[in-house]
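Welcome, and please open your viewer. We will go from stop to stop, selecting a few residues each time and looking at what is there.

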Amino acid sequence: MVLTEETRRAVRLRAALDALPAYKAGRPPAPVEGLTPYKISSNENPYPPLPSVLDAIADAAGAVNRYPDMANAELVAAIAEHVGVPADRIACGTGSVGVLGQLVQATCDAGDEVVFAWRSFEAYPIVTTIAGAVPVTVPLTSDARHDLPAMADAITERARLVLVCTPNNPTGPAVTAAELEAFLARVPDDVLVVIDEAYLEFGTDPQAPDALAVHDAHENVAVLRTFSKAYGLAGLRVGYAIAHPPVAEALRKTAVPFGVSSLAQRAAVASLAARDELDERVASIVEERDRVRTALLEQGWDIPDTQANFVWFPFGEGSSAFAAACAAQALAVRQYGDDGVRVTIGEREANDRLLQIAAAHRPRS
Ligand SMILES: *Cc1c(COP(=O)(O)O)cnc(C)c1O
């Protein structure tokens with residue numbers, strides 16, 4: 001490149017950043033007179049924190065002049081007990097997005113490949129590209145599911161990491177246990193497969209895999225989980241991986257030191273202790289999800305199966321119009337270009353309003 005006066009003066013930034021899509025956070029709803037606004041664009045939990053969790057946060061707040069426990073010892077022990085694996089298989093991070101970044105850093109040198117389905121979680125191409133690795137995307141099937149045979153075909157010599165998002169954000173379906181086993185049989189042992197189970201707790205599909213058992217049976221399989229969705233701690237940023245000890249240790253090496261705050265650690269421990277109460281909330285979100293999807297199918301919409309706390313409208317070019325109709329009714333939803341619109345299951349009133357808007361857009365039969 002010729003150094004002009006201008007380039008000489010500009011700070012030299014990595015070219016990889018030019019290729020980087022910006023993370024688009026779900027927007028808050030714009031106010032509409034006479035309507036309660038609802039943010040159903042980020043798959044958040046509509047319930048506020050439990051009193052016991054708030055107490056833990058308040059208690060931890062009194063000591064924020066101190067650094068948090070860098071080893072997350074209490075939290076790691078609580079998670080290990082919760083999932084039933086030894087503590088040396090647990091690695092925590094600043095949300096599972098933080099752990100995803102650590103996973104790419106732990107596995108990929110510049111130019112190595114990360115294979116994942118598309119459309120899927122929008123953080124995948126970002127964490128991949130930031131690390132200097134190369135995203136290899138494999139289109140979903142026509143029914144919005146992972147095409148695991150095609151993903152196996154896409155694994156080259158350069159592949160180091162495969163991300164399997166199940167259930168898939170933003171479309172909803174989970175992979176089946178049989179599909180996953182057939183896939184793993186084709187993945188080389190030196191490629192790490194990460195099963196991203198951000199929405200695990202909302203799943204009711206009996207064919208879905210038991211990811212912990214799969215992890216147990218395969219040295220190259222790790223599981224990613226979060227406190228952000230079912231457990232309602234999105235604002236505190238804490239997630240974790242369950243990985244075999246060499247991988248878990250690599251994740252500790254690539255973690256931001258003191259990344260998980262003391263508030264997050266204490267709140268997560270309190271949430272695991274309050275599991276029964278939180279699971280009741282999850283059960284009512286699942287009930288609402290099934291009610292909404294059933295109603296949409298009755299309206300004539302072709303909505304893919306969903307095992308998460310959201311529904312996917314594969315509207316193609318009609319996506320903008322539908323997102324605008326929702327916005328006009330004070331519902332902030334998440335539009336993905338001309339692919340579709342993802343709507344989080346929220347408060348009952350938000351769900352009812354969504355159904356009314358969808359009915360007004362009803363496809364002609
Ligand atoms: C929301 C989400 C995450 C987790 O986000 P964190 O808040 O960073 O834990 C991870 N994976 C998928 C697929 C998600 O949708």
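How many of the six residues of strand β7 (residues 221–226) are buried? Before you look, a word on the model: it is predicted, so to speak of local features a pLDDT of at least 70 is needed, side-chain atom pairs count only at pLDDT 80 or more, and totals for chains, interfaces and linings use all residues. Residues are numbered from 1 along each chain as its sequence is written, and side-chain values use heavy atoms, with hydrogens and water left out.

**Stop 1: strand β7**

Select residues 221–226. Six of the six are buried, so β7 is largely enclosed by the rest of the structure. Buried means under 20% relative accessible area, exposed means over 50%, and partly exposed is in between (1.4 Å probe, protein chains only). Strands (E, at least two residues) and helices (H or I, at least four) are DSSP runs, numbered from the N terminus.

Now show the side chains. Val221, Val223 and Arg225 point one way from β7, while Ala222, Leu224 and Thr226 point the other way.

Strands count as paired if DSSP finds at least two bridges between them. Strand β6 (residues 192–196) pairs with β7 in the parallel sense, over four bridges, and Ile195 stands opposite Val223. Follow the chain from β6 through helix α8 (residues 211–217) to β7: this β-α-β crossover is right-handed. That term applies if, with the strands pointing away from the viewer, the path from the first strand over the helix to the second runs clockwise. Strand β8 (residues 239–242) is joined to β7 by four bridges and runs antiparallel to it; here, look for Thr226 opposite Gly239.

**Stop 2: the ligand**

Keep Thr226 selected and bring up the ligand. Which residues come nearest to the ligand? Of the 13 residues around the ligand, they are Ser96, Thr226, Ser228, Lys229 and Arg237. A residue is near a molecule if one of its heavy atoms lies within 4 Å of it.

The shell divides into five nonpolar, five polar and three charged residues. In this grouping, Ala, Val, Leu, Ile, Met, Phe, Trp, Tyr, Cys and Pro count as nonpolar, Asp, Glu, Lys and Arg as charged, and the others, Gly among them, as polar. Helix α4 (residues 95–107) gives the most to this shell, with three residues.

- Asp196: an N or O atom of the side chain is 2.7 Å from a nitrogen atom of the ligand.
- Tyr199: a polar side-chain atom lies 2.6 Å from an oxygen atom of the ligand.
- Lys229: an N or O atom of the side chain is 3.2 Å from an oxygen atom of the ligand.

On its own the ligand has 390 Å² of accessible area, and the protein covers 94% of it. Accessible areas come from the Shrake-Rupley method with a 1.4 Å probe.

**Stop 3: strand β12**

Select residues 340–344. Five of the five residues of β12 are buried, so this strand is largely enclosed by the rest of the structure. Gly340, Arg342 and Thr344 point one way, and Val341 and Val343 point the other way.

Centre on Arg342. Trp312 stands opposite Arg342; four bridges join strand β9 (residues 310–313) to β12, and the two run antiparallel. Arg334 also stands opposite Arg342. Strand β11 (residues 334–336) and β12 form a hairpin with three residues between them, and Gly337 in the turn has a positive phi of about 50 degrees.

**Stop 4: backbone details**

Most residues other than glycine have a negative phi, and most peptide bonds are trans. Select Ala330, in the loop between α12 (319–328) and β10 (331–332). Phi of Ala330 is near 65 degrees, a positive value. Is Ala330 buried or exposed? At 1% relative accessibility, Ala330 counts as buried.

Glu33 is 297 residues from Ala330 in sequence, but the two are 8.8 Å apart in space, C-alpha to C-alpha. Glu33 is exposed, with a relative accessible area of 81%.

Finish in the loop between β5 (159–165) and α7 (177–184), where Pro167 lies. The peptide bond from Thr166 to Pro167 is cis, with omega near -5 degrees. Pro170 is in the loop between β5 and α7 too, and a cis peptide bond joins Asn169 and Pro170, with omega about 15 degrees.

Terms used. A polar contact is a pair of N or O atoms within 3.5 Å; within protein, one must be able to donate a hydrogen and the other to accept it, and residues adjacent in sequence count only if both atoms are side-chain atoms.
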